[in-house]
Amino acid sequence: MSQISLPDHADFAEKLWHWTFIGICALVFLFLIAPILVIIPLSFNAEPYFTFNAKMVALDPEAYSVRWYQDFWSKTIWRESIWNSLFIAVGATILATALGTLAALGLSRPEMPFKPLIMGLLISPMIVPLIITAAGIFFFYASINEYLQLTGSYLGVILAHTVLGTPFVVITVTATLSGFDHSLTRAGAMCGADPTTVFFKVTMPLILPGVISGALFAFVTSFDEVVVVLFVASVEQQTIPRQMWAGMRESISPTILAVATILICISILLLATVEILRRRSERLRGLSAG
Amino acid sequence: MASETATPTTADVLTTVDGRPLKVALAEAQRTRRIRAVLLVTPLLLFIFATFLFPIALMMFRSVDNPLIAQNLPKTIAVLEKSWNGKGVPGEEAFAALREDLMASRAAGQVGKVATRLNFETSGMRSAVTRTARKARKMKAPYKDQILKVHDAWSKREVWATIKRLAPTITAANYLAAVDRKYDADDNIVSQPEERQIYVTLFMKTLWMSTIVTVSCLLLGFPIAYLLASLPLRHSNLLMILVLLPFWTSLLVRTTSWIVLLQTQGVLNDIMVWIGIIDDENRIQLIFNAQGTVIAMTQILLPFMVLPLYSVMKTISPSYLRAAQSLGAHRFLAYYRIYLPNTMAGIGAGCLLVFILAIGYYITPALVGGQDGQMISNVIAFHMQKSLNWGLGAALGGILLVGVCMLYWLYNKLVGVDNLKLG
């Protein structure tokens with residue numbers, strides 16, 4: 001029984017409060033979601049303006065066009081930045097997922113010493129202001145450039161993005177492992193499987209949803225990251241966020257709205273994947289019937 | 001055989017099959033397990049140390065590092081330390097040392113840096129240093145008069161005091177500058193001139209803006225977290241998507257949206273003109289100022305408030321409220337006395353997280369902040385990328401980092417990082 005529904009005997013004040021509350025919530029949800037949704041129709045604007053004109057409101061087909069999408073696709077710099085973004089994000093995701101999952105496995109063992117301290121250190125890249133991380137990594141790369149050229153290289157950006165992505169993997173995988181029944185691995189061992197087999201046949205399938213969610217978080221973190229790229233990358237590693245950043249600092253062209261719409265579609269896809277995984281994971285671990 | 005006879009197998013010492021005392025065997029097994037756990041964490045820990053903690057430590061060192069003068073004017077410093085009492089202009093010995101030092105650093109191509117550094121302390125020193133260095137080679141002893149003839153800045157006592165003061169390779173000067181203080185020529189800490197006092201105000205403004213963002217997030221987040229926690233799971237899951245979608249949407253996309261919505265020719269102003277609240281001529285400047293930064297940051301950070309609130313509210317049983325009401329409390333009193341105290345853990349977690357993330361914000365203020373919406377991160381970026389005053393940038397960053405670490409420690413203490421919720 002929910003507390004939200006109004007009992008039949010509610011008096012006027014209670015009814016008034018109830019509907020005011022619903023109204024407030026609706027406004028907050030509007031505040032959350034409207035800025036994202038407003039961009040989508042505007043990206044199909046036939047005119048180079050950032051607002052709805054009378055024709056658009058009247059749903060006149062002539063007021064809409066895909067010219068900004070064509071513009072986006074026809075520019076080499078945007079096309080290249082897609083590949084750069086994907087390449088860097090995939091590299092950082094693989095590294096962050098591997099390192100983060102291993103660490104989460106260790107952290108969720110009861111024997112792990114100094115757990116709060118180590119956990120605190122591993123999560124800190126998420127907390128430390130990005131500008132400090134970016135500047136620190138920039139100076140560090142600059143100081144070792146004679147031995148290993150990381151400034152202005154793909155590897156440099158990937159390593160930096162891995163640092164930023166690992167906290168998310170650690171958090172999601174430890175969360176999945178918190179409900180993990182350790183007698184299952186013992187059962188596997190008693191049936192004669194060696195630790196590696198137990199890991200891949202028993203543990204991995206159970207924590208896989210958490211690992212994939214963590215990987216998606218790491219992917220988004222890298223795919224959306226601009227500050228480190230500004231400090232560490234050269235023009236060769238131009239990514240989508242950096243290209244957007246440059247466009248927004250000069251003069252916004254509606255092409256950015258087209259890019260933004262594409263990115264929104266990607267986030268919807270990712271969010272849907274994570275939600276499905278989360279429910280599957282909860283079902284597998286018998287936590288809820290969500 | 002040997003082990004069997006060596007171990008006492010009396011009835012009161014339990015042993016394993018191979019005859020070792022159970023206690024020893026257990027401790028050993030525990031140790032192996034602990035080592036295994038540590039080994040799993042080690043790769044990431046090393047990685048974080050090498051590419052995150054060490055670089056930040058390196059940058060923090062930059063905020064106190066001051067090698068330039070010590071490296072380039074070693075002889076001058078030695079003479080000043082030895083035979084100058086800080087009063088009046090030093091004697092011939094110091095001028096001779098200065099000539100040698102400047103010749104050496106000119107050969108090493110460092111004179112420009114020395115000139116810039118001294119000029120930063122006393123204006124006019126750039127030309128004094130470069131000109132003296134250029135003419136030093138042709139001078140003949142005694143040097144004092146010739147050097148004074150090249151540039152009369154060397155006749156000022158403060159210049160020599162400054163060189164002596166800049167001699168230590170570790171300095172607090174950057175931190176002093178970061179809190180609007182500086183050393184005068186005689187090592188006293190004094191306030192910066194009025195027009196250069198900007199950083200304390202900026203720190204205050206950053207804290208103030210972060211506080212407003214945090215409070216706004218709490219005020220907006222509390223009702224919807226409550227709604228989500230009270231609705232049956234089927235409906236709340238659907239509404240939860242509305243909270244999570246912004247969380248997954250690119251920061252740059254959301255910032256772009258706010259520009260589109262709030263700019264003077266933007267959607268919100270258009271709607272207000274259309275409804276008739278404002279005239280077409282008096283459109284409101286909603287963005288490219290502090291207000292725009294706060295609005296955009298509130299929307300961007302709101303999910304970080306809603307998620308911890310929701311997970312705490314979910315655990316509060318509705319029967320508490322019913323019990324309070326059946327004991328005679330009015331609905332509102334019951335909320336205030338029973339429900340609200342129970343949500344404190346969530347309020348604390350959400351507020352701390354939002355505040356921590358807000359004070360280090362860079363992208364949104366840089367794009368929508370205009371002149372007065374800039375925060376401390378933006379000034380750090382300015383010093384790192386534009387003015388190239390890395391020492392000052394690192395010192396500002398150091399102060400910010402200490403603040404964030406203290407809040408993070410508090411968060412860890414109160415909430416625990418392992419309770420961080422990501423949807």
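A residue is called buried if 20 or more other C-beta atoms lie within 10 Å of its own, exposed if 12 or fewer do, and partly exposed in between, with C-beta atoms placed from the backbone. By this definition, buried residues make up 41% of the 423 residues in chain B.

The structure is a predicted model, in which local features need pLDDT of at least 70 and side-chain atom pairs count only at pLDDT 80 or more, while totals for chains, interfaces and linings use all residues. Residues are numbered from 1 along each chain as its sequence is written, and chains are lettered from A and ligands numbered from 1 in the order in which they are written.

## The two chains

Helices (H or I, at least four residues) and strands (E, at least two) are DSSP runs, numbered from the N terminus. Chain B contains 21 helices and two strands. Chain A has 12 helices and zero strands, and along its sequence the pattern is α-α-α-α-α-α-α-α-α-α-α-α. The radius of gyration of chain A is 24 Å, well over the 19 Å from the globule rule for 290 residues, so chain A is more spread out than a compact globule. This radius is taken over C-alpha atoms, and the globule rule is 2.2 Å times the number of residues to the power 0.38. For chain B the radius of gyration is 33 Å, whereas a compact globule of 423 residues would have one near 22 Å.

The boxes in the table are those filled by the C-alpha atoms, taken along the principal axes.

| Chain | Box of C-alpha atoms | Buried residues |
|---|---|---|
| Chain A | roughly 75 × 70 × 30 Å | 42% of 290 residues |
| Chain B | roughly 100 × 100 × 40 Å | 41% of 423 residues |

Two residues are in contact if their C-beta atoms, placed from the backbone, lie within 7 Å. Among contacts in chain A between residues at least 6 apart in sequence, 74% join residues at least 24 apart. In chain B, residues 24 or more positions apart account for 65% of the contacts with a separation of 6 or more.

## The interface

Between the chains, 77 residues of chain B are in contact with 80 residues of chain A. Helix H2(B) supplies the largest share of the side of chain B that touches chain A, namely 20 residues. That side of chain B has 53 nonpolar, 17 polar and seven charged residues. In this classification Ala, Val, Leu, Ile, Met, Phe, Trp, Tyr, Cys and Pro count as nonpolar, Asp, Glu, Lys and Arg as charged, and the others, Gly among them, as polar.

Chain B is divided into domain 1 (2-62), domain 2 (67-169) and domain 3 (199-419), with bounds that come from an automatic or database domain assignment. The centres of domain 1 and domain 2 of chain B, taken over C-alpha atoms, are separated by 60 Å.

Helix H2 (residues 22-64) of chain B packs against helix H21 (residues 390-414) of chain B at an angle of about 115 degrees, and their axes are 7 Å apart. Axes are lines fitted to C-alpha atoms, for helices over the stretch in contact, and angles run from 0 to 180 degrees between N-to-C directions. Met59(B), Met60(B), Arg62(B) and Ser63(B) in H2(B) meet Trp390(B), Gly391(B), Ala394(B), Ala395(B), Gly397(B) and Gly398(B) in H21(B). The residues of this contact comprise five nonpolar, four polar and one charged.

In helix H9 (residues 157-165) of chain B, the buried residues are Val159(B), Trp160(B), Ala161(B), Thr162(B), Ile163(B) and Lys164(B). Their cover includes helix H3 (67-72), helix H4 (74-83), helix H6 (111-121) and helix H7 (125-135) of chain B.

## Loop residues in chain B

The loop between helix H14 (267-275) and helix H15 (290-313) of chain B holds Phe288(B). Although Phe288(B) is not a glycine, its phi is positive, at about 65 degrees. Phe288(B) is partly exposed, because 19 other C-beta atoms lie within 10 Å.

Arg283(B) also has its place in the loop between H14 and H15. Arg283(B) counts as partly exposed, because it has 17 C-beta neighbours inside 10 Å. Leaving aside residues up to four places away in sequence, Arg283(B) touches Thr264(B), Asn269(B), Val273(B) and Ile278(B). Arg283(B) and Val312(B) are 29 residues apart in sequence and 42 Å apart in space, C-alpha to C-alpha.

Leu388(B) is found in the loop between helix H20 (376-385) and H21 of chain B. Its phi is near 55 degrees, a positive value in a residue other than glycine. Leu388(B) counts as exposed, because it has 11 C-beta neighbours inside 10 Å.
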